[in-house]
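Try each task before reading its solution.

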Amino acid sequence: APLDQYVMIVSGGDRPGILRRVARRLAQKGIDLIELDGGRIDDGSRFEVTLTLAAPQGLDCLKLQQDLLQDESGQDFQVVVRHAALSRSVNRLPGL
């Protein structure tokens, strides 16, 4: 199946294993992690990571977000997933 690129931004309280769990969920869905950038922010108690993904066309971004949020329910965890083309467009808008 043809692949598209997606951008995922993950942030929250820094704790052991969180990125491992995110990567495992992506692998279970057949999503390839092709780039990762980020690290600890603030006083080191929080993190923010941007991941570039290769996934089958038509990936349900909202469903993936919901699955990841459910995996980390009750934790300080935020995630946003967008098609890479949309992400590039949004990043060019004035005021963002």
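**Exercise 1.** Which residue in β3 is the bridge partner of D37?

Solution. A word on the source: this is a predicted model, where local features need pLDDT of at least 70, side-chain atom pairs count only at pLDDT 80 or more, and totals for chains, interfaces and linings use all residues. Residues are numbered from 1 along each chain as its sequence is written, and side-chain values use heavy atoms, leaving out hydrogens and water.

Start with the elements: helices (H or I, at least four residues) and strands (E, at least two) are DSSP runs, numbered from the N terminus. Strand β2 (residues 32–41) and strand β3 (residues 46–56) run antiparallel, joined by nine bridges. Two strands pair if DSSP finds at least two bridges between them. Within β3, D37 has T50 as its bridge partner.

**Exercise 2.** Work out the strand order of the sheet and find its edges.

Solution. The open sheet has four strands, ordered β2-β3-β1-β4, with antiparallel pairing. The edges are β2 and β4: each has a single partner strand, so one side of each is left without a neighbour in the sheet. For β4, the link is to β1 (residues 3–13), through seven bridges. One of the paired positions is S11, whose bridge partner in β4 is Q78.

**Exercise 3.** Is E72 buried or exposed, and which side chain makes a polar contact with its side chain?

Solution. First locate E72 in the loop between α2 (61–71) and β4 (77–83). Its relative accessible area is 5%, so E72 is buried (under 20%; exposed is over 50%, partly exposed in between, with a 1.4 Å probe and protein chains only). Finally, the side chain of E72 makes a polar contact with that of R15 at 2.7 Å (N or O atoms within 3.5 Å; within protein, one must be able to donate a hydrogen and the other to accept it, and residues adjacent in sequence count only if both atoms are side-chain atoms).
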